[in-house]
Amino acid sequence: MTSNLLYAIGVLAAWSGAAMLLRALYLTLRRAPGVAISAGAGGLLLLGASTTPVYAQGLGIPILWIVAPFAAWATATCGWMAAVRLFQAILDGIRSRLYAGLIWIAAGAVFVALYRLDPESKIEIVRGQIGLSLVSGSSLVGLAVAAIAAMAAASRRVRQVSGRLAVHAALLAGSIVFGLPFAWLLVTSFKEDRDMSNANGLIWVPRVQRTVPFLDPSDPLLEGEYKGNWVQASLSGRTSNGSYIVEVQRPASLRGVSFVGAPKSFRVVPKDAPVVSGAGFIGFVTKELDDGRRVVRFSAPLSKAGKEQTFMPADLQPVRDIALRTQNYTDALEAMPIETKHGLVYLKNTLILVVLSVIGTLLSSSIVAYAFARLRFPGRDTLFKILLATMMLPGAVTLMPQFLLYRSLGWIDTLLPLWVPAFFAGAFNVFLLRQFFSQIPTELEDAGKIDGAGVLQTFWRIMLPQIKPALAVVAIWTFMGAWNNFMGPLLYINTPENMPLSYALQLFQSERGGEPGLMMAFATLTILPVLALFFFAQRYFIEGVTLSGFGGR
Amino acid sequence: MALSGFGRADTTLSVWGAQLGPDSIAGSLAVAQTFETRHPGVHLRLLGLGVGHMNPQKLLTAIVGGSPPDLIFQARFNISDWASRGAFIPLDPFIRRDFNQPDCPREKEYYEAAWSEAVYKGKIYGIPTGADDRALYWNRGLFSRERELLTKAGLDWRRPPRTWSEMLRYSKALTIKGKRAGFIPNFGNAWLYLYAFQNGASFLSPDGKSCTLASEPAAGALEFMKQGYDIVGGYTEANVFQSGFQGGENDPFISGQVAMKIDGDWSLPGLARYGPGLDFGVAPPPVPDDRYYRRGRFANEKDQFITWIGGFSYAMPRGCPHPELAWEYIKFASSLEGRLIENRAQASSDRAKGRMYLPRIQGLKAANEALYKLYCPADPKFAEGLRVHVGLMNSARVRPATVVGQLLWDEHVRATEQTLLGKLSPMAALSEGQQTVQREMNVLASKGGYPEVSFAVVGAIGGALALAGVILAVIVWRRARLGILARKEARWGYLCIAPWAIGFLVLTVEPMLASLFFSFTDYDVLSPPRWVGLRNFADMLGPDRANVIKAFANAGYLAGMGVPLGLASGLAVALLLNVGVRGIRFYRTAFYLPAIVPVAASAVLWIWLLTPDPNKGLINTVWRSSVGSWLALPPPGWLTAESWAKPALVLMGIWGAGSGMILWLAGLKGVPASLYEAAEIDGATSVRSFWNVTMPMLSPILFFNIVMGFIGAIQEFDRVYIMAGDDSNGPSDSLLVPAKYLFTNAFGYFKMGYASSLAWTIFAVILIITLVQFRLAPLWVHEESLK
C-alpha cells in the first residue's frame, strides 16, 4: 500500500515537473520573467520523482518512467537551462544571457564527465501504462503542444493563480518537512520494538502481535495485590503451608519481585499467548523453555489442533495485526519509579516550578520595571545601565559560586534553587516591561495621584492593568523557560521525588534508551502540555517572539 | 533473620547507578525486592541517575551537597579514581568482621582480576558482580566456504588463528577490498589494552607513581594493530567500511562482511537475537607468537592466552547514611544467591519477549559455574561460546587501578588513533600520551605545595568591597539634595527596585567576584582552596590548550553555521508567508511548533531521528532514498561521526528556527509599502527590491539576532549534554563545547578553580565578539534604526 502511495506521489510530481518545464518553455517563448524558477522547480520535481521505487506500477496513470543517476539528471537540467538562455540571447540580444548559457554548458560538461566516470550508471526507460512507441511518442509531443497553447490562451489571472499554487506547494512541503519529526514521534510511540527498524524504509503503519487468551494450568497467571499495587504474577512455588510464592510480571517497575500470598488472594487470569505461524501451521506459544526453544500449541490446520510441539525460535513467525500499541504508554508510566506515582510527581514538580517562577517573575519584574520607568531617584539611569549590561553575562560565570551558595543554604535536592531566583527580577523582563510602562500617558498616573493613591496603589490599580498583554508575554516566556530548565535540575536535584519532567526525560533516555517505543511515549507526554498551552495562547506566543526580537533596539 | 535489627521501620536504602535498561531491569529489581522481603521495614530505591559509569558529576554533587546515596553500582575501572579523592569508603573492616559468615565476599572466591581492579592502595573499595571478557569470534561457515582460498594460503580452514602472525595471514586471505574485511583490530571491543596486555605491557610502574604507557611491548602491540589495519586498507578505510553497519541486525560479522572480530561476552545475546542461524565459533583471542610458543620473553609465562575484563562493583560513597544496611545489601547482591536471583528474573523477562537467554559472565567463580549449568543453551555454538568466555576468566588482566585511570584511558585511545592514522610512530604517540598522564600525576602529587587561602581573608575583602559600596551610595544620596516629596519618591523607588538590587548583589555580583577569586585557586570543594596564582590560566594556554581551542572552535562552528542558517531559513519561510497567501495561521503554526518543544524532549527525539542506521533513523531513511541514491553517497553517521556531529546539531537548530520566522514576519510587516512602490517605479526587479529595500529595513532585527544568537551558541549546553551523552563529548571531541567543558571540570573533576578561569574566558570571548559586532554594525545596519 505504501509503495503504491509513493508511486502515486512520484507520478504526480513527475507530471507537475513536466508541466513546469513546459511552462518555462512557454515563458521563454513569451519572453516573460520567471523562466529560471519554473524550469528549476520542474527539474527538481522530476528529480524528486526519480526516487520513487520503479517496481511499483499501476493506478492507471500513463507515464514514461526515466530512471537515471543524478549526473544524468543534472546534465539534462544543464542542457535545458543552456538552451533556454541561448534562445533568450538570440531573441533579446542580451549579452549576459549568452554568458549564462555558456556557463550552463560548462556545468553540463562537468556532469557529463561525472556521468562517464561512474561505470554503473545507466539510463533506463521504464514503461508505465503507455508503451514507448511512435504513436505514444507523438501523442506526448501533441500533448505538450496543446499544453503550451492552453497556457498562451490563459489569462493573466491564471498566471497569478499558478503563482499562488506554487507558494502553497512550497509552504505545504515545508510544513510536511517540519511536521515529519512530530509524525514520526507519534507513530513510533505506538510501534512494537521489532518495527523500530526495517530494511525497506521506515514503518509508518504500526502492527501489534496478535495474542489469544490462554489459561495455562501448569503455569498460571495470577492477578492480585502487592503493597497496594495491582500486579500480575506467575506462580513460582508453594510454601509448606500451601501459600503461593509468586513472581511479579507486571507492572514493569515491580517485575521480578517475589512474594508470598494466600491462594485466595489471587485470581487466575488468562495469559496473552502470542500467536505464531510456521511451515504450514498456525498456533500459539504456551511455554518458553530454558534453552530458548518454544512450545507451540497448534490451532490450524484442524488435523493438528490442540497438539503441542517444540520449535527453535527461528522457525516461528509472529502473527500481527494493524493496530496501535498503546501499551507503550502504560509501560512507560509503569516503568517510572514507584515513588513518582507513574510520573505524576514529575509533572507536579514541573508545575510547582512553573507556577512559582511565573508568579515570582511577574511580581518582581513589574514592580522593578515600574520604578525604573516612572519613579525618580538618584542613580536611576546608572543602575538601569548596569541592569542592561547583566543581560550579556554568561550564566557560566555565576554557575559554580551559586551552587556553593545554595549548598551552604542547604538547598541541594530541593526545588528552591530553581524558583527562588525568579523573585529577584530578571534583567530582560524588567527591560521589556519598562518599555511598556514608559509608553503609558502620565495623565493616568496624575489622575490617580489627585485621588490620593500611594505609589503601590498607583502601580497596582492603574499601571499594571495597562500592560496586561506584555505581562502575558513575560508569563509565557517564563513558563517556557521553567518548563525547559535542564541544567538547574541536573545540578541541584538528586531524587526522583524532586525531579521535574525535563531532567526525568533525560534520565529516562540514558537508562531506557534502548526502547524507543517507551521513550517516544514519554517524550509525547512531556510535549503535550506545552502544545496545549500553545494552542490556547497562540497570540501571546507569537507576540512574545516579536517583542523579544525587537527588544534589543 | 537476625538482620532485621539493622533497619528501623521504613528505612530507605538508595542505590544509584542501578542497571535499569531493558536487558537488566528485571534482574536488578528482583534482587532488590528479595532483599526487601527479608528485611521488613527496609525500602530499596534503585535509581540509574546516569551515574555508575564514567560520568561522576551527579554522585560528586550529591556527596558534596550532603545527600549521597547508600550504595553506588560503579564501573570498577573508575573506582580508584574515586577512592583516591576520598569519595568511597573502604570495605575491609566489614569483610574482616564478617569473614566467617557464609555470604561474606572473600577474595579467593573471586577471579583475581575482577577483585584486584577495585583495590586501591591495598584497600578494597568495591565488591564485583558482573565481569566481561573478550574472545575471538570467527565465522566458521565463511571459513568453510572459503576453504580453497585458505588452503591455498597454507592455512587450516577448520580452526581459527591462534597467534598474531596467523591472524594477519588469515585476515589477508579473507579480505576482499571494499566488500569483506578479514579482521579489523578495533572492530568489536579489543582496544590497545588487550594487545598490549598480551604482549606483556603494563601501563604504570609497580609503585604507581609513574606512567609507563610508552613501553616496548605496548609499541609492539600498536604496531600489530597497524599491520592489521593495513591489510584491510588502512584505518580510515576500515572506519568508513564499518560506519555503514550500525545496529545489531546490521552487524557485519553476522552478514559475513567481517570474518573475525574480538568482542565481549555481551555480543552473544546479540548474535542469538539477530543471527541465530550464523555458523560461528568462539576462541581465545590470538596472542603474540612468542607467547603462544612460550619462547623468548615469554619462555616462563604461565598464561598462554590472555584477555582483559571490565565490569561493575557495588561501592559505598562517603557519607553513606546507612552503612550497615548497605553492607548487608552488598553481601546479598554479590553472593551466589543474589546472582542467581538476578539471572532467573532476567531470564524470565527476556523469554517473555521471545528472546533466548544467555547469562553474562560473573566475577564470582561459583556463580559462573552455576549459571552455565542452569542456562546452557540448546544450540552447541552458543554453549561453546559461553564456555570459552568462562574459561578465559582465569587468565584475565585489568586496567591499572590509579588516580588517573580515566585520563590514561583517554590518552591511550588518542595515541592509538594517532598511530593508526599514520600521523605518528607507535612510540612517539605513546610517549605523548605518557607525558600528559605523567604531568597530571605530578600535579596531583604536588598539590600540597600551594598555600591554603582562608575564607576569612576572602570575607574581609568582600566586606571591604561592600563597605565601599555603601559609602558610595551614601555620597550619591547626600549629593542629590532632594526636597521632601522627591525624597519620598526616591525612597519608594529604591524600595521597588530592591528585588532586583538584592538579586543582583547576591546572585550576580557576589558569585562573579567569588568566581574571579576561584580562578586563581585550586579548589575541589572537599578541601579549602589553595592559591595557585595564574596557574589555571597558564594551563589553559599551555598543556590544556588543545582542548580549550577545540571547545571554542566547536562553539564557533555551531555559531557560524547555525546562526546564519537558522536566520536564513526563517527568513525564507517568512518571505513566502508574506505574499499574503491564505491559511497563514496554519502555516505559521506548523513552522513555529518545533520551536516550542522543550529542549530536553527535542534532543531526545532527534537522537532517534539522527540514528545513523538507515533502517531506523528517519533522516537517514530519507537520505538513502534521495541524496544517497542520486549521488551514491553512504548515509552520514551524524552524532556518531566526527565530521557530521556538528552539522547534526545545526540541522536540528534549523528545525527549531520557527521563532526566527515569526520575527521576520513582524519585521516584513513593518516595511512601508511606499518604499516598494518607489522601487517598482524605478524599475527594480523583485530580487533587487529585496536586497535594496527589504534587507536594509530588516537589518536591525538581523543585527540583534546575530548578537543574541552568538551569545547563545557559545553557551550551548543542554542539547550537547543530552545528545552526546553525559560522559562523552561526541566522536573525537567533536561536540566538546566550552560550557560542557566547564561543567565537566567543575562538577565532574571538581576542578572548581580551573572551571572558574574557563568561565571568565568564556565571558571575555563573548564580550569581545559582541563588541566587535557593535563596532561593525554601522557598516551594514541601516543607520536610522541605530538612532
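In which kind of crossing, left-handed or right-handed, does α9(A) pass α21(B)? The first legend below takes up this question, and every legend refers to a predicted model.

**View 1. Helix α9 of chain A against helix α21 of chain B.** In this predicted model, helix α9 (residues 380–390) of chain A and helix α21 (residues 484–518) of chain B have axes that come within 12 Å and cross at roughly 40°. Angles under 35 degrees would count as roughly parallel, and α9(A) and α21(B) are therefore described as oblique to each other. The crossing in which α9(A) passes α21(B) is left-handed. On the side of α9(A) the contact is made by A:Arg380, A:Leu383, A:Leu387 and A:Thr390, while α21(B) brings B:Gly493, B:Ile497, B:Trp500, B:Phe504 and B:Thr508. Sorted by class, this contact has five nonpolar, three polar and one charged residues.

**View 2. The contact between chain A and chain B.** The contact draws 103 residues from chain A and 113 residues from chain B. On the side of chain A that touches chain B, helix α6 (residues 156–188) of chain A gives the most, with 13 residues. That side of chain A is made up, by class, of 61 nonpolar, 28 polar and 14 charged residues.

**View 3. The domains of the two chains.** Chain A is divided into domain 1 (2–184), domain 2 (207–323) and domain 3 (338–550), and the C-alpha centres of domain 2 and domain 3 of chain A lie 51 Å apart. In chain B, the domain assignment gives domain 1 (2–131 + 311–352), domain 2 (132–303 + 404–445) and domain 3 (540–786). Taken over C-alpha atoms, the centres of domain 1 and domain 3 of chain B are separated by 44 Å.

View 4. Five strands of chain B form an open sheet with mixed pairing, in the order β2-β1-β3-β12-β6. The edge strands are β2 (42–47) and β6 (127–128) of chain B, each of which pairs on one side only. Within the sheet, strand β3 (residues 71–75) and strand β12 (residues 312–315) of chain B run antiparallel and are joined by four bridges, and B:Phe73 has B:Tyr314 in β12(B) as its bridge partner. Helix α14 (residues 323–334) of chain B packs on the sheet and touches β1 (11–16), β2, β3, β6 and β12 of chain B, with a direction that makes about 55° with that of β1(B).

**View 5. Helices α15 and α16 of chain B.** The axes of helix α15 (residues 336–352) and helix α16 (residues 365–375) of chain B come within 10 Å and cross at roughly 30°, and the two helices are therefore roughly parallel to each other. In this pair α15(B) passes α16(B) in a right-handed crossing. The residues making the contact include B:Leu336, B:Arg339 and B:Leu340 of α15(B) and B:Ala366, B:Leu371 and B:Tyr375 of α16(B). By class, the contact residues divide into eight nonpolar, one polar and one charged.

**View 6. Helices α31 and α34 of chain B.** Helix α31 (residues 686–714) and helix α34 (residues 752–780) of chain B have axes that come within 10 Å and cross at roughly 165°, which makes α31(B) roughly antiparallel to α34(B). The crossing of α31(B) past α34(B) is right-handed. Among the residues that meet here are B:Phe703, B:Ile706 and B:Phe710 in α31(B) and B:Ile762, B:Gln773 and B:Trp780 in α34(B). The residues of this contact divide into twelve nonpolar, three polar and no charged.

Notes
Residues are numbered from 1 along each chain as its sequence is written. Chains are lettered from A and ligands numbered from 1 in the order in which they are written. This is a predicted model: local features need pLDDT of at least 70, side-chain atom pairs count only at pLDDT 80 or more; totals for chains, interfaces and linings use all residues. Domain bounds come from an automatic or database domain assignment. Two residues are in contact if their C-beta atoms, placed from the backbone, lie within 7 Å. Ala, Val, Leu, Ile, Met, Phe, Trp, Tyr, Cys and Pro count as nonpolar, Asp, Glu, Lys and Arg as charged, and the others, Gly among them, as polar. Two strands pair if DSSP finds at least two bridges between them. Axes are lines fitted to C-alpha atoms, for helices over the stretch in contact, and angles run from 0 to 180 degrees between N-to-C directions. Angles under 35 degrees count as roughly parallel, over 145 as roughly antiparallel, 65 to 115 as roughly perpendicular and the rest as oblique. A crossing is left-handed if the near helix is turned anticlockwise from the far one by less than a right angle, and right-handed if clockwise.
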